[in-house]
Amino acid sequence: MSNSFDLIVIGAGPGGYVAAIKAAQLGMNVACVEKRGALGGTCLNVGCIPSKALLESSERFEETLHHAAEHGIKTGKVSLDLKTMMKRKDEVVDGLTKGIEGLFKKNKVEYIKGTATISGANEVTVGKTKYNAKNILIATGSDVMPLPGVDIDEKQIVSSTGALELDNVPGKMVVVGGGVIGLELGSVWRRLGAEVEVIEFLDRIVPGMDAETCKQFHRILEKQGISFRLGTKVTGAKKSKTGVELTVEPAAGGKAEKIKADIVLVSIGRKPYTDKLGLDKVGIKTDDRGRIPVNHHFQTSVPSIYAIGDVIAGPMLAHKAEEEGVAAVEIMAGQAGHINYDAIPGVIYTWPELASVGKTEEQLKESGVKYVSSKFPFMANSRGRAIGQTDGFVKILADKETDEVYGVHIVGPDAGTLIAEAVIALEYGASSEDIARTCHAHPSLNEAVKEAALGAFAKPIHI
Ligand code: FAD
Ligand code: NAI
């Protein structure tokens, strides 16, 4: 193996491994360094994929247990085999990470196992070996954000990683943080039988997403049995053999209270990961949130060193990291890599799902732009009725005069798939009339998007 490359990518998450493959396709001689012993990063190993495997399995369990009878399906005694559920999840992860190894081989990307340190503007050290590179791409991702006073041991007090591999269904799980991880993994364990309580510092869940849509989402989750304490902070945790005692108090100050839990999930966000990377050696400074600053070309303050994904600013999402990885290497190859940050969807894969793209109503209000808001409920969608999934709505925000779509927010069945047409609409600057006049198959959940669009510039038919 040569020690000289056109590009060395540090980190093989969705940002790094996709960038490495794309760079090789563009004719570069590429190496990708990964320290965890498996490719795919947080997303494949301890994030997107294992969580979605468990969301699917737990959803099927709940469906069989509580809803099969509604469809006239009689079952015998339904019971949980958690070990098999976990094994299936591990096999899904294993298959996908090995698949990336195959893609590396196919595209002639050199996979270097180990921890990379940047030892110069064009030099990376792994163990005792030094490698030269015309360009270096940092894609080292993020790590769990700790909560002072609540020490994660991955047994009783867990991060998302521990919550993906519990041996037993806890009697009570307290989730600290009502964001994406807390609601997805809280849903998994509630469906499997745990009592789940979410403690959120702010006065609403999933801050940053459209407030009206989240309010409806909150109500649905509550109806399913998750309880919420909003405007509350956790100030301490005491572990014993029988569980964890948390001290909580109102975020605005007030009387402290104790809550008992078998398992506590800490999911208050993630922080960029740059440990032992050697940024100081090349003079790259991180910002006040630990992120690596980059320009529009993803270049750091050292022009030969680029950065993408969770380690730079923006939403911590796998598809955002992938898009940035592709754009960064296209730019290195002299092409015009570009990302429209206004058209990056966000999805929470609970059931129903919450999916969102573009501006929220709060953002439009703040900008002073004149807009219309149109909502269409799944209760009035024939496919939703046929499949027995009527919770939620599609909400479209469009310019009052030009009708350009600014944002689409969906809480409902398969919202994560439905949002794709809204992303394309935003990407191409479509109007709500463009969406409404596009033929949608019947009976489909997508017709709810069409009807919401109709409502934005004219009138919906079915309500
Ligand atoms: P990462 O995936 O974090 O990969 C970085 C890699 O770099 C890691 O493998 C790390 O070992 C390696 N590394 C770090 N330092 C070094 C070094 N010095 N040398 C060598 N290797 C190094 N996003 C979604 O879009 N959809 C989802 O459904 C979703 N679900 C999630 C569920 C959970 C539980 C979690 C925790 C996250 C989820 N995310 C999801 C977020 C998603 O995982 C991240 O946004 C994404 O993985 C970021 O990609 P990345 O390539 O920037 O970094
Ligand atoms: P998050 O940022 O989504 O949510 C954290 C929540 O914790 C917020 O509501 C915040 O107000 C609250 N919080 C912060 N400090 C608190 C405290 N001390 N006490 C109580 N609440 C507190 O972060 P989360 O859920 O940890 O996820 C991390 C990242 O992973 C997110 O950026 C997300 O984008 C990504 N992710 C994406 C998924 C998806 O796309 N489906 C799934 C899971 C994770």
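Biologist: How far does a backbone N or O atom of Gly15 lie from an oxygen atom of ligand 1?
Modeller: The model is predicted. A polar contact needs a pair of N or O atoms within 3.5 Å. Gly15 brings a backbone N or O atom, and ligand 1 an oxygen atom. Their separation is 2.9 Å.

Biologist: Which residue has a backbone N or O atom 3.2 Å from an oxygen atom of ligand 1?
Modeller: Look for a backbone N or O atom facing a ligand oxygen at 3.2 Å. That atom belongs to Met316.

Biologist: What percentage of the area of ligand 1 does the protein bury?
Modeller: Start with the ligand taken alone. Ligand 1 then exposes 1,000 Å². With the protein in place, the buried part of that area is 95%.

Biologist: Which element gives the largest share of the shell around ligand 1?
Modeller: Elements giving two or more residues are H1 (14-25), S2 (30-34), H2 (41-46), H3 (48-67) and H9 (318-332). The largest share is 4 residues. Those come from H2.

Biologist: How many residues surround ligand 1?
Modeller: Gly15, Glu34, Thr42, Lys52 and Ala318 are the closest. By class, the shell has 17 nonpolar, 16 polar and 6 charged residues. The number surrounding ligand 1 is 39.

Biologist: Turn to the second largest pocket. What is its volume, as space in Å³?
Modeller: Its lining has 17 residues. Nearest the pocket centre are Glu63, His67, Trp351, Gly388 and Gln389. The space in this pocket is about 510 Å³.

Biologist: Which helix supplies the largest share of the lining of the second largest pocket?
Modeller: H3 and H7 (211-224) each supply at least two lining residues. The lining divides into 4 nonpolar, 6 polar and 7 charged residues. The largest share, 4 residues, is from H3.

Biologist: Now the strands. In S13, which residue is the bridge partner of Ala237?
Modeller: S12 (residues 232-240) and S13 (residues 243-250) pair in the antiparallel sense over 8 bridges. With 2 residues between them, S12 and S13 form a hairpin. Across from Ala237, the bridge partner in S13 is Leu246.

Conventions:
Residues numbered from 1 in each chain as written. Chains lettered and ligands numbered in written order. Predicted model: local features only at pLDDT ≥ 70, side-chain atom pairs only at ≥ 80, totals over all residues. Heavy atoms only, no water. Near = heavy atom within 4 Å. Polar contact = N/O pair within 3.5 Å; in protein donor to acceptor, adjacent residues only side chain to side chain. Areas by Shrake-Rupley, 256 points an atom, 1.4 Å probe, with all protein chains shown as cover. Nonpolar A, V, L, I, M, F, W, Y, C, P; charged D, E, K, R; others polar. Pairing = 2+ DSSP bridges. 1 Å grid on protein atoms, 1.4 Å probe; cavity = no way out; pocket = protein on both sides within 12 Å on 5 of 7 lines; lining within 4 Å. Points joined across faces, edges and corners; volume = space filled by probe spheres on them.
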